[in-house]
Amino acid sequence: VGGKRLSGAGFEVHGGSNGHLNSVYSKGLHTTAGDAAIAANGAVRKGVTNDVPVRNLGMHAAGVAGAMASIPGGQHLAGKVIDPFGLMEPQLKALTENLRGLVASDNNVVHNVARYFFDQPGKRFRPALVLLVAQASPPAGEVTVEQQRLAEITEMIHTASLLHDDVMDHAEVRRGIPALNSVHGNKLAILAGDFLLSRASLNLARLKNVEVIELLSTVIAHLVEGEIMQSRTDAKEATNFDYYMRKTYLKTASLLAHSCQGVVLLGKGDDAATLRASQVAFEYGKHLGMAFQLQDDVLDFEGDLKSLGKAPGSDLREGLTTAPVLFSLEHHPAELTAMIERGYKGAGDVERAMELVRTSGGIARSKELALEHSAKAIEAAEMFDPSVTRDALVQLAHMVVSRKA
């Protein structure tokens with residue numbers, strides 16, 4: 001607060017209740033390590049980390065529907081359809097089988113709970129992203145055994161965080177099926193998450209790359225910090241946009257950013273090219289993660305039970321304040337602040353908060369911010385050499401802000 005730089009996350013936090021709209025978080029997140037790398041090698045093009053104030057985006061509520069077409073970058077993809085997940089289908093099939101082997105245990109209970117989500121079909125968004133970045137980075141078109149393993153480690157860390165989150169949130173459903181904690185209880189769910197983290201750490205150590213081990217270990221610490229920020233938020237913090245964006249980075253974007261950076265460092269390119277590409281990959285993953293979570297926050301107000309697998313307004317029912325509410329706070333400060341302070345536990349609070357958000361532009365402005373981060377991700381992706389996987393990364397940045405589930 002007041003310009004303090006946090007040693008763990010490398011952020012400079014600025015206080016103030018309504019100064020959040022042009023905050024460092026709204027403009028684009030920077031890390032100490034990332035900024036140092038840019039300064040050291042001068043290789044990242046101007047613009048990847050350029051700050052663009054939210055107020056100057058020029059995409060107001062009436063224009064949000066057409067804003068996707070105006071995201072800078074990716075114009076060469078006009079009329080071209082690329083399925084990022086289909087492109088990596090062979091690797092993702094192998095990844096799913098490998099994951100089942102990596103979490104195998106002689107103990108039947110541990111074996112079954114650890115595989116609970118890995119036995120379910122899914123797009124594997126995070127490992128697909130990591131594999132695409134591996135193929136797009138130098139030497140382009142190659143994915144090493146070590147890079148494939150890092151994609152698997154990323155998915156294990158993510159799944160472990162979901163198991164722990166579901167316990168914290170008393171979740172009943174995850175990915176359209178009963179949450180593990182609702183089937184086997186909180187203790188087993190926590191232990192299953194711990195087991196996945198231990199297996200992820202073991203396989204991370206076997207990569208024998210100290211820098212990558214440090215990056216992914218930082219992610220695990222960030223996940224814990226972010227969850228604590230979310231579960232132990234007082235009213236002042238809950239209404240601070242900087243606080244919300246920092247929590248979002250720690251809980252969501254850090255895993256994508258550091259995994260993308262790490263997978264490039266595991267490649268076989270020359271040292272200078274690898275260093276440059278790893279920072280580009282970090283920026284891509286960071287902004288993609290921020291866009292992804294902001295769109296998630298929007299969907300909690302716009303989605304439905306069928307598309308989301310949960311009822312809209314779930315965040316509010318859990319007492320969580322997200323971007324749409326924070327933007328709406330400018331128009332209804334007294335009423336929304338009172339609801340935030342009591343965790344939306346008053347009679348009719350959730351329904352009233354959703355009404356205020358929907359009628360005050362909070363959803364549209366959250367979409368604008370998601371689009372900004374998507375544009376920054378595209379700008380970073382286009383710094384890779386031209387290839388179908390680079391184009392798939394651009395397509396993925398469009399997809400995360402246009403999805404309905």
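**Exercise 1.** Determine what share of the contacts in the chain with a separation of 6 or more comes from residues 24 or more positions apart.

*Solution.* Contact is taken as heavy atoms within 4.5 Å. On that criterion, residues 24 or more positions apart supply 74% of the contacts in the chain with a separation of 6 or more. The model is predicted, with local features needing pLDDT of at least 70 and side-chain atom pairs counting only at pLDDT 80 or more, while totals for chains, interfaces and linings use all residues. Residues are numbered from 1 along each chain as its sequence is written, and side-chain values use heavy atoms, with hydrogens and water left out.

**Exercise 2.** Describe how helix H7 and helix H8 pack.

*Solution.* Start with the geometry: H7 (residues 125–136) and H8 (residues 145–169) pack at an angle of about 155°, their axes being 8 Å apart. H7 is therefore roughly antiparallel to H8, a term that applies to angles over 145 degrees on a scale from 0 to 180. Next, identify the residues: H7 contributes Arg126, Pro127, Val130, Leu131 and Ala134, whereas H8 contributes Gln147, Gln148, Ala151, Thr154, Glu155 and His158. Finally, classify them: the contact of H7 with H8 comprises five nonpolar, four polar and two charged residues.

**Exercise 3.** Locate Tyr284 within the largest nonpolar core.

*Solution.* A nonpolar core joins buried residues (under 20% relative accessible area, 1.4 Å probe) through side-chain atoms within 4.5 Å. The largest one has 89 residues, of which Leu129, Val133, Tyr284, Leu288 and Leu393 touch the most other members. Helix H13 (residues 241–265) provides the largest share, 14 residues. Beyond its neighbours within four places in sequence, Tyr284 is in contact with residues including Leu129, Val133, Ala377 and Leu393.

How values were computed. Helices (H or I, at least four residues) and strands (E, at least two) are DSSP runs, numbered from the N terminus. Angles under 35 degrees count as roughly parallel, over 145 as roughly antiparallel, 65 to 115 as roughly perpendicular and the rest as oblique. Ala, Val, Leu, Ile, Met, Phe, Trp, Tyr, Cys and Pro count as nonpolar, Asp, Glu, Lys and Arg as charged, and the others, Gly among them, as polar. Buried means under 20% relative accessible area, exposed over 50%, partly exposed in between (1.4 Å probe, protein chains only).
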